[in-house]
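Work through the exercises below with the sequence and the 3D view at hand. Each task is followed by a solution in steps.

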Amino acid sequence: MMSNKLSQDQIQQIYVFTRQHYVEHYDLQTELVDHLANGIELQLHENPQLSFDEALQNEFKKFGIFGFSDIVEKRSWALEKKYWRFIWKAMLSFFGIPKIIISLSMVYIVYQILLLGSTEKYAYLPLLVLVPFVVLVIKAFKNARMYKKKLKLQHKRWMLEEKIFGYGSGMVLINLITQLMLNGRYILFVENLPQVYILLIAFSVTVIYLLGYIMIYFLPKRAEQFLSQQYPEYRLS
Amino acid sequence: MKSSQLYKGSLGVIILKLLEDNGRMYGYEITQKVKALSGGKLHITEGALYPALHKLEAEGMLSVEAEKVDNRIRKYYKLTDSGEVETTNRLEELDAFIQNMQQLLHPKLT
């Protein structure tokens, strides 16, 4: 057994070191800190003359000229994939046995609204279809505010949490929804659209409703649960 | 790891096999184990190991555990059920590959 165990202070120094080298998320910092610490301990054991800082630099060199950046980037891809897998799973559940009734009745309601809306008398009825979108966007902004507050308090960033509250990369859906709201009237207010198209639109709108619900309500609400599954260290820290 | 593309392609299998044999392991332990097992010939770089681990984990092949060890948190990886199946499959695939290559490169003239 080695005697040169690093102190709590030195461990904190390595945390600072990883942050200085652009590892922003606590989950990855923790893993790299343990790795570097193991390497440093081995070096100090083999060569007790070495200083802690020298050993740290030596260990960092082993990561190559790009340092940690490659690891950070690939970790982000991996979690992005995982995030979309969560969504896909939740989405599939809405096309499973009990929930399919909700999905189908949603398609039916949207279809009826759009159908009525294609007559002149009820031409503004399709605006109703946009209401859930507005609700989703408001909730998305609320989530973002809450997450910002939480970040201030906890000082630790978790990559998966960021994916959940950032809705994958770049708020794709929010953009999509806003675009739909802005341009929706061109799609929704076409007169004498064939019924098949109306049905198709009703179906797409429903899928987007569901996707929005999952991304904006379902996942953020269960973030804690997903995080402690993903990060056993979530509870230790 | 030696720079060869051949080794890079096998990193996933190496990790899976090590975890199958040793139960749970942490990153640094894996690099040391590979060094020891290969008599120092094979060296997995840190820059390759962690992306490979994270990828396998995101694919559901590995699960993680964390424990407090010597003032710090250590993250262990171990095979999930689907990871165990995958290990067997990939090892079989690799064995077949090696056999085929051997036949191709060293044909026995009878």
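**Exercise 1.** Does A:K150 count as buried, partly exposed or exposed, and why?

Solution. This is a predicted model. Step one: the relative accessibility of A:K150 is 23%. Step two: buried means under 20% and exposed means over 50%. Step three: A:K150 therefore counts as partly exposed.

**Exercise 2.** With which residue does A:K150 form a salt bridge, and where do the two partners lie?

Solution. Step one: the partner is A:E161, and the closest N and O atoms are 2.4 Å apart. Step two: A:K150 belongs to helix α6 (residues 127-154) of chain A, while A:E161 belongs to helix α7 (residues 159-165) of chain A. The two are 11 residues apart. Step three: A:E161 has 1% relative accessibility, so this residue counts as buried.

**Exercise 3.** Why does the salt bridge between A:D34 and B:R72 join two chains?

Solution. Step one: the side chains of A:D34 and B:R72 meet at 2.7 Å, N to O. Step two: A:D34 sits in helix α2 (residues 26-46) of chain A and B:R72 in strand β3 (residues 72-79) of chain B, so the pair joins two chains. Step three: both residues are buried. Step four: A:D34 and B:R72 are part of a network of salt bridges whose members include A:K5, A:E41, B:D70 and B:R74.

**Exercise 4.** How many helices and strands does chain A have, and what percentage of its residues count as buried?

Solution. Step one: chain A has 11 helices and 0 strands. Step two: of its 237 residues, 43% count as buried.

Methods:
Residues numbered from 1 in each chain as written. Chains lettered and ligands numbered in written order. Predicted model: local features only at pLDDT ≥ 70, side-chain atom pairs only at ≥ 80, totals over all residues. Heavy atoms only, no water. Helix = DSSP H or I, 4+ residues; strand = E, 2+ residues; numbered from the N terminus. Buried < 20%, exposed > 50% of the residue type's maximum accessible area, 1.4 Å probe, protein only. Salt bridge = Lys/Arg side-chain N within 4 Å of Asp/Glu carboxyl O.
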